[in-house]
Amino acid sequence: MRYRFVFDETRCSACSACVVACMDQKDLYPLKGDLSFRRCETREELKGGRIHMRYLSIGCMHCESAKCIEVCPSGCFFRDEETGFVLYDNTDCISCRKCLEECPFEAPVFSEDSGKMEKCDGCAERVKHGLSPACVQVCPFDALQLIEN
Amino acid sequence: MDEQLLKAKIPCKETGIEIRHTMCDICTPGLQCGVDAYVKDDVMIKLEGTKGFPSNNGKLCAKGAAGREYQYRADRLTRPLKRIGERGSGQFEPVSWDEALDICAEKFLKIKEQYGPEAVAWVCGYSKWLRPWLHRLTHSFGSLNFITESSSCHCSEVMSYSTIFGQFMRPHVQGAKLVIAWGVNGFANNFAMAKGLMMLKAHGGKIIVIDPRYTHTSEKLADLVLRPKIGTDGYLANAMANYIIQNHETDDAFIEQYVHGFEEYKEMVSHYTLELAAEKTGIDIDTIVQVAEMFAKEPKALIQPGNGLTHHLDGYNMHRAILSLMVITGRVDRPGGYFPAAETFCHSPGGFPGREEEFINSVKPKHCKKPVGFTRFPLWFDFINEAQGMDLVRQIRTAEPYPVKAMAAFGVNHKMYPDSEAFLEVLNELDFIMATEIFHTTLCDYADIVLPVKTSYERSEAKCYANKFVFWTRPAIPPIGDCKDDVEVITELAKRMHLNDTLLEAGYDEGVKYIFDGSGIEDWEAVKDAPLPVPAPNAKGAEPGSYLASGKRTPSGKIELYSETVAKYQDRGLNPLPVCADQDGGTDPGSYPFVLMTGARIATAIHSRTTGLSWLRSQTKEPVLKINPEDAEELQLKEGSMVRVSTKTGSLVLPVHITAEFNCKEAGLYHGFDEANANSILAAALLDPYSGFPAYKQFRCRIEKEGGAQ
């Protein structure tokens, strides 16, 4: 079964539940310098004197044509045939950050801990066991969803 | 393979990870979401919401999702402590539970003997789950000085509803077609409420947001947004009422049959012209008319008022003025209107007759001194069965009308009190302080005995939900260190003080069974074993019409626009009608040109309870002072510039966040942070004279660029 992530901006309020759930699932600790594999942003715009807020949850969208797979000089990224997710093995990562530069969502993060790039794996193992990714599971407003292709 | 499964925290035989059902108790008892704790070797390694749970159905907010970090915070208290240094020094030695509890019991009894039972204040902050037991203990001890942080939250809205309807009511959003979300933004603090409005909108309903701030609800759901100047909502409500009456859009038959004091009310609101409301609120007349028309013409229009409305100097009347709009249009006790809210247990509705009130009041002392706050806020006691804690600091300091010499503080945080430093200082004047806490807080440093208590994941706790369900957890994980739960502490104190209260001494389980007696549940162990809340056999939902058919518990027996209860206090300057008072935050606008709103909810914090969590702090700008772009330009401030915000009480230095969420000359600051404690600069004396509530949302302040203009 192959899946894709869907983000419905109209349902998101940038509440950060997805970010925290990701850190809980992946044992990411900001005090150790870790970054979450998702981030929430509130973008405020003034249009013709009127305030407008955009609420976003941003992370790896496991793109169909994934830039990271294309540009990584060490070949760290690959497509998981079972889930369709973009997974990685960062053994050979040289932390050149090309994946980050080319990613439209700026999804890969540099881990102080490992000295290498890391990113969301779609909670692939959970998905293979019939569970939702942590961010999808927690989202109070169902702004994040995993859809079967 | 096993390592991969373990890393992914897959609950299965290979990993040894099992899911245990528990609940979150980080925010209020209203939600208390069901939690699936992923547990390995008795350690919680992950948590998520319980699917099918009535309040959250598998979902969690950011705070609830951070529960594991909350559980294992480094500053968890792990053993009873006895203070050996000066108050506030933080010098303690560990003692056994027996020794700690014996000391507390002996001290409380000694103070009771010397000064009377009222000299001990039994105070409850968060968690709230223990309240019925602490309340009963206070009564059995011989006093009415049971105090909660609801002295600054929730109780004022209970007063307001009770003044008009004789009891607490709740807006029935599911039945409405137009909702005025008045000072309500569930996206930040109650996702179930926000989802209710999203659902309404998806089904073609309309939503009007009235809020000085531009909120998530304004952006995502509003068909119309009104942003009155802070503290002027009462003018808007009364002018809408006047317009509706002038245009004959009231429900006259309803008023005739059920309402008391309409003529007096009509005369009062006749002074609230559209012009006056426009001047006070800053909203143009056409928009006020538009809202009044939309509200009056839609039969299923509902006002959902936020609790924050009560945090103004005339918050009680402001809230009452807003509720009155629903009365004159007859939207009471019918789908989409205000429904009677039966709080069966710990502020939650079980849908069956509960015995919480009996549990608490059957041992209420008949002959004792009046509770704290009685002389200053008598109206409070017509509606609320606990002391008004906002008067506690004054009474300790002055010993008027009688001395308070000891405090049993259950989860009390000084940062909750306006002029928080004064609260800490006055603790030095007490002979004895006992504190139960989950974390080592500043207040603990002032206590003589500190008792470590369990989190909701570590204890067993009963709840009822949604007019239908009963839930009772078993501990999901063993406690950290040597923690007990708060009710064990209360039960032990009752025994050691020889209060001869057998039901209290029987412990938590017996108390729950007593209170839930009418639920129809017989096999309580089966409830504890159930993965989800179980329906109570005797539960039945609210029946529309039953409230109107039975007698209203107001003095007149009708729904009171003119309050006969408030009328008793006219000599103290209280008005039986919901009039607006011109409040300017107690200081002159010239020296203090900004109005500061503190405590408007954010999604990544709840009071001071989550400020120690790195997961949430990594997502939180606060503490920041939110100001409008125009004000920032005038003050030559950039995003993150440091400012000094000053009131007559004190000042704070902190960075600014520039946002049009706040209007010009208004500013916002979330409370609970040590680095910049909003409540430390709010004057303790500026309280709503009706309810005693602090005006958290309405203080005048000055904002200056720190370090001078550059």
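Between domain 1 of chain B and domain 2 of chain B there is one salt bridge. Its partners are B:Arg459 and B:Asp25, whose side chains meet at 2.6 Å, N to O. Keep in mind as you look around that this is a predicted model.

**Getting your bearings in chain B**

- The domain assignment divides chain B into domain 1 (2–71), domain 2 (81–154 + 345–535), domain 3 (169–339 + 553–572) and domain 4 (594–705).
- If you compare the C-alpha centres of domain 1 of chain B and domain 2 of chain B, you will find them 28 Å apart.

**Where domain 1 of chain B touches domain 2 of chain B**

- On the domain 1 side 29 residues take part, and they are in contact with 28 residues of domain 2 of chain B.
- Together the two domains bury about 2300 Å², with 64% of that area on carbon and sulfur atoms.
- Ten residue pairs are in polar contact between domain 1 of chain B and domain 2 of chain B, both residues being at pLDDT 80 or more.
- Several elements of chain B each supply at least two residues of the domain 1 side: strand E1 (18–23), strand E2 (34–40), strand E3 (43–49) and helix H3 (67–71).
- E1(B) gives the most to this side, with four residues.
- Sorted by class, the side of domain 1 of chain B that touches domain 2 of chain B has 15 nonpolar, ten polar and four charged residues.

**Where chain B meets chain A**

- This contact draws 45 residues from chain B and 38 residues from chain A.
- The area buried between the two chains is about 3300 Å², and carbon and sulfur atoms give 56% of it.
- Five salt bridges are found across the interface of chain B and chain A; one of them joins the side chains of A:Asp27 and B:Arg68 at 2.9 Å, N to O.
- There are also 30 residue pairs in polar contact between chain B and chain A, both residues being at pLDDT 80 or more.
- Elements of chain B that each supply at least two residues of the side touching chain A include helix H1 (2–7), E3, helix H8 (191–202) and helix H27 (614–617).
- The most comes from E3(B), which gives five residues to the side of chain B that touches chain A.
- By class, that side of chain B has 23 nonpolar, ten polar and twelve charged residues.

Definitions and conventions:
Residues are numbered from 1 along each chain as its sequence is written. Chains are lettered from A and ligands numbered from 1 in the order in which they are written. This is a predicted model: local features need pLDDT of at least 70, side-chain atom pairs count only at pLDDT 80 or more; totals for chains, interfaces and linings use all residues. Side-chain values use heavy atoms; hydrogens and water are left out. Domain bounds come from an automatic or database domain assignment. Contact means heavy atoms within 4.5 Å. Buried area is the accessible area (1.4 Å probe) that two parts lose on being put together, summed over both. A salt bridge is a side-chain nitrogen of Lys or Arg within 4 Å of a carboxyl oxygen of Asp or Glu. A polar contact is a pair of N or O atoms within 3.5 Å; within protein, one must be able to donate a hydrogen and the other to accept it, and residues adjacent in sequence count only if both atoms are side-chain atoms. Ala, Val, Leu, Ile, Met, Phe, Trp, Tyr, Cys and Pro count as nonpolar, Asp, Glu, Lys and Arg as charged, and the others, Gly among them, as polar.
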